[in-house]
Amino acid sequence: MNETSKPVHGMWTSRWVFILAATGSAVGLGNIWRFPYITGEYGGGAFVLLYLACIALIGVPIMIAEVTLGRRGGLSPIHSMGRLAEQSKVSRRWKGIGYLGALSGFLILSFYSVVASWALIYVWEAVRGLFQGMTALQSQGNFEAMQANPWLMLGSHSLFMVLTMGVVALGVKRGLERAVEVLMPLLFVLLLVLIGYAATTPGFAQGVAFLFAFDFSKLSGEAVVIALGQAFFTLSLGMGAIMAYGAYMPREIKNKKTGRSRPVSIASSVAIIALLDTLVALGAGLAMFPLLFTGNLEPAQGPGMMFVTLPLAFGQMPGGVLFGSLFFVLVVCAAWTSSISLGEPMVAWLVERGKSRWAASLLVGGAAWVLGVGSVLSFNLWKEHTFLMGTFFDNIEFLSTSILLPLGGLLIALFAGWVMKETQVRKELAMKSFALYMVWRALVRIFSPLAMIAVIAYALWSATR
Ligand code: PFF
Ligand code: NA
C-alpha cells in the first residue's frame, strides 16, 4: 500500500467534477424509482416536507463527515479508516467502518444492478411501442412476465454489470470522470424535457398539489423513519462511496488567471450535492405524478409504480413512445453513475493492495454478479424460497439498506464527532463560519447518532413483528 499522501488513484480535475461525480452517485434509483413511490404511499406533501428536514438535519451533516474522513484519509475507505485510526491513536478496529462499507456496497451493487437492468429492458420495450394501448392488467402481466424470465433478466443484469465495472476499470480520470461528464448533463436535460412534457398534461396541477400540499394528518412515526432511511440511501451515505469520492477531492485549486490557490470547501460542495439530489427527486415526482393523474391512476402503487403504472400512462398519451423511451434512458443513466460509485471503493482497496484496476474490477464485478444471480432468481425459480424478510432479494436489500447503511452512518458520525481530534476536523473542513461549524458539530455528535440508532431499532423491530 502506498503510504505517501500522493494520490494513487488520481484526483478529480476540479471541484465541479467532484460535485458532478458525487451527485452522480447520489442521483439514482433512489430518486426516480423509490422516492416517488414511497411519497405516493405515505401521502404526498407532508412526507416530502419531512424528507426535506431529514436531508438537511441528518443527511447533509453525515455527508460532510463522510467526505471529511475521505479527504483526510486519501485512500480507499478501508485504508483511509486504518490511517485515520492510527492518526487518532485509537483502536485499529475503527478500520471496520471501511470493511462494513465495502460489504454493504457489494451487497447493494448486486441487487441494484438487477433493478437497474429492468429499466434497461424497459428502454427496449418502450422503443418498440410495447406500452401502446395496454390495459392495466396487461401492464401488470408484462412486468410479471419479465420477472418470470430468468434468462432475460440474467442477460440484462450481466450487461449492466459490464457497463458499470467497465467504467470503474478505466480509472478515476478516464472512467469515472468521463462517464459523469457525459451522463449527468444528459440526465438533467432528459429530466427537464420530461417535466416539460408532464406540464402539458391535464393532470399537472393535481400532480403538483399532491407533491406540495401538506396534509399533516397523514404523518406517523413510521413515516419519520422511512423518510430518514430514504434521506440516507438517496445521498449514498454510510458505505464509503462518498468517502472514496472525497479521497479524490483536491484540497486546493489554483485559479488559472491569478495563480493563487483557494481551498476547496467540503461543506458548500456537500450543500450543492444534496440540493441537486433533492431537485432530481422532486423533479422525478413532477415528471411522474401528473401522468398518473392524467391517466386516472392511483399514486399509491408501491414498487411497481415505475414499471407497471407509468408504462400504462405512457401507453395512453400522445408522444408516449418517445417520452416513455426517454424516461427509461434517464433511469438507466441515473442508475449507472450510482452503481459505479458502489464498485469504486472495493476496487480502489484492491488496487492499493497491488492488483491492477482491470483485475480488481473483474473480481468485484464478477462476485457482485454472482450474488446478483440470487436476486434474479428471487423473482422466478426461488420465488417460493422465503426466509426471514422474504426472498433472497428481500433479505439482501433489507440487510444492506436498513441495517448496514445506517450502522455505517452511525459509526462515521461517531468517528468524526468524537474520535478524531477536533483540530484536525476543523482544519480539513476549513469552514468560514464558526457558528455553522458548531451547528454541524452538534448535529454530528448527538443528533445524527440518535437518529441512526432510531432507524436501526425500527428496522429490527419491524423485522421481528
Ligand atoms: N444514492 C443512490 C440512489 O439514490 O439511487 C443509491 C446508492 C448509491 C446508495 C451508492 C449507496 C451508495 F453507496
Ligand atoms: Na439519490
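Which helices each supply at least two residues of the shell around ligand 1? The points below take up this question after the overall form.

1. Basis of the model. This is a predicted model, in which local features need pLDDT of at least 70, side-chain atom pairs count only at pLDDT 80 or more, and totals for chains, interfaces and linings use all residues. Residues are numbered from 1 along each chain as its sequence is written, while chains are lettered from A and ligands numbered from 1 in the order in which they are written.

2. Overall form. The protein has 18 helices and two strands; these are DSSP runs numbered from the N terminus (helices H or I, at least four residues; strands E, at least two). Its C-alpha atoms fill a box of roughly 65 × 55 × 45 Å along the principal axes.

3. Ligand 1. The helices that each supply at least two shell residues are α1 (15-26), α2 (29-41), α5 (96-127), α10 (221-234) and α14. In total, 16 residues surround ligand 1, and the closest are G28, G30, S236, A241 and S338; a residue is near a molecule if its C-beta atom, placed from the backbone, lies within 6 Å of it. The shell divides into seven nonpolar, nine polar and no charged residues (Ala, Val, Leu, Ile, Met, Phe, Trp, Tyr, Cys and Pro count as nonpolar, Asp, Glu, Lys and Arg as charged, and the others, Gly among them, as polar).

4. α5 and α14. The axes of these helices come within 8 Å and cross at roughly 160 degrees (axes are lines fitted to C-alpha atoms, for helices over the stretch in contact, and angles run from 0 to 180 degrees between N-to-C directions). α5 and α14 are therefore roughly antiparallel (angles under 35 degrees count as roughly parallel, over 145 as roughly antiparallel, 65 to 115 as roughly perpendicular and the rest as oblique). By class, their contact has 22 nonpolar, seven polar and no charged residues.

5. α7 and α14. Helix α7 (residues 150-169) and helix α14 (residues 320-352) have axes that come within 9 Å and cross at roughly 55 degrees, which makes α7 oblique to α14. Among the contact residues are L163 and M165 of α7 and W336 and I340 of α14 (contact: C-beta atoms, placed from the backbone, within 7 Å).

6. α1 and α8. α1 packs against helix α8 (residues 171-199) at about 75 degrees, with the axes 9 Å apart; the two are therefore roughly perpendicular.

How values were computed. Two residues are in contact if their C-beta atoms, placed from the backbone, lie within 7 Å.
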